[in-house]
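Welcome! Let's take a short walk through this structure together, one stop at a time.

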Amino acid sequence: MLRWLIGGGREPQGLAETIGEEQTQNPYTELLVLKAHRDIVRFLVQLDDYRFASAGDDGIIVVWNAQTGEKLMELNGHTQKITAAIAFPSLESCEEKNQLILTASADRTVIVWDCDTGRQVQRISCFQSTVKCLTVLQRLDVWLSGGNDLCVWNRKSHLLCKTSHVSDTGISALVEVPSNCVVAAVGTELIIFRLVTPTEGSLEWDIIEVKRLLDHQDNVLSLVNVNDFSLVTGSHVGELIIWDVLDWTMQAYERNFWDPSSQLDTQQEIKLCQKLSDISIHHFTCDKENVFAAVGRGLYVYNLQLKRVIACQKTAHDSSVLHVAKLPNRQLISCSEDGSVRIWELREKQQLTAEPVPTGFFNMWGFGRVNKQTSQTVKKQQENATSCSLELIGDLIGHSSSVEMFLYFEDHGLVTCSADHLIILWKNGERESGLRSLKLFQKLEENGDLYLAV
């Protein structure tokens, strides 16, 4: 099979390989295998338009060039596995423009790294438990750490305020919502905290608990902002709840992902499932119209306006779907424990044509069966008018174990990380071929060989 060396850099990190032409709508026909980790790679963090960082169970953070696959630097400082990682961009008004990345570890430390120099800006080791999640409030220029308590830090890593002990199980996820608030997932509960800044009549920062939402029946696994007014959360038993973030009322509730036509109660439905992992909502992404949910082995598209599922692939993968992302042109990417990465396209189904309503004396007054059949046909037409399908257009085979997550770069391709210790950079074959040809002509022109050939 034809192989190429891609890109310059100090040292090529892998080989680009042609996958094949049988997937005509799949642009990712070349791959670049990146090797640096010695254990499961769980996190990928985009730093800017061309760099990303990887981290995992070996405690190492590696910074890569997404265009060439070049390993830029390796950051060593943690002694146990990484439990959370996030970029901390600089403000335009900030004097220091260096890109920072925050990493938390099971060694109960959080390290702030300068990704331009590779140095440790700050090492924080005062935590009483493992920090499981990190989030940045860009507008306030602060970051939050979630473990058994919730802490607020400034850019210089000074502790501004913290909550009292929240839970022994710890905060598993955090998301920012309007009005200087954050939502923390703690077991089955959602806790809303509000940050009080020094500009609000107080001389010091403070964080206060606003409300607790107890509507989920099992542990909350995923939560994401839909817009400035809504938040969506998903649980271990397949509950999707959309919340109004202004008054914290429930806007919509969906739990029949695995069998939308079922009319059984929740407990009966759960008992009928072979295992809870078949209905767990592991990850969300959304746009202005839809929420895209990874539910068990399937993918579901939930329309926010209609408040119902408009498309699904119940067995999108052979194992649990771990990560899902929306791409341009109504496309979706998902990755799974089965080691696969798949590209889907959301397509509208053809609308049904309603049968004409017969006229006549009896039908005019609603007698007979024809009127009932007509109403059923019209109902089916309405149900199918907005129904869509998820069509598989690409299957990326490269990893030998669970694919934990991925990053999408519009100009540089797709990056995936896996339990096989590898990172794969998937490239648009047509684009890369054009770039190689352009570089070749530029080199010939520089050397004068192009004019000699003419």
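What follows is a tour of a sheet, a charged residue and a leucine in this predicted model.

Let's begin with the sheet. Strands of a sheet pair through backbone hydrogen bonds, either parallel or antiparallel. Here, 4 strands make up an open sheet, running in the order β20-β21-β22-β23 with antiparallel pairing. At its edges stand β20 (220-225) and β23 (250-254); each has a single partner strand, so one side of each is left without a neighbour in the sheet. From one strand to the next, the twist averages 15 degrees. You can follow the pairing of β20 with β21 (residues 230-235), which is antiparallel and extends over 5 bridges. Look for N225, which sits opposite L231 in β21.

Now move along to strand β22 (residues 240-244), where you will find D244. D244 is buried but has no salt bridge. Its nearest side chain of opposite charge belongs to K307, 9.3 Å away. What does lie 2.8 Å from a polar atom of the D244 side chain? That is the backbone nitrogen of L246. Beyond its neighbours within four places in sequence, D244 is in contact with F229, T249 and Q251.

Our last stop is L100, in strand β9 (residues 100-105). Is L100 buried or exposed? With a relative accessible area of 8%, L100 falls under the 20% cut-off and therefore counts as buried. Setting aside its neighbours within four places in sequence, L100 has contacts that include F88, W113, C115 and R155. L100 and S90 are 10 residues apart in sequence, and their C-alpha atoms are 7.7 Å apart in space.

Technical notes:
Residues are numbered from 1 along each chain as its sequence is written. This is a predicted model: local features need pLDDT of at least 70, side-chain atom pairs count only at pLDDT 80 or more; totals for chains, interfaces and linings use all residues. Side-chain values use heavy atoms; hydrogens and water are left out. Helices (H or I, at least four residues) and strands (E, at least two) are DSSP runs, numbered from the N terminus. Buried means under 20% relative accessible area, exposed over 50%, partly exposed in between (1.4 Å probe, protein chains only). Lys and Arg count as positive and Asp and Glu as negative; His and the chain ends are not counted. A salt bridge is a side-chain nitrogen of Lys or Arg within 4 Å of a carboxyl oxygen of Asp or Glu. A polar contact is a pair of N or O atoms within 3.5 Å; within protein, one must be able to donate a hydrogen and the other to accept it, and residues adjacent in sequence count only if both atoms are side-chain atoms. Contact means heavy atoms within 4.5 Å. Two strands pair if DSSP finds at least two bridges between them. Axes are lines fitted to C-alpha atoms, for helices over the stretch in contact, and angles run from 0 to 180 degrees between N-to-C directions.
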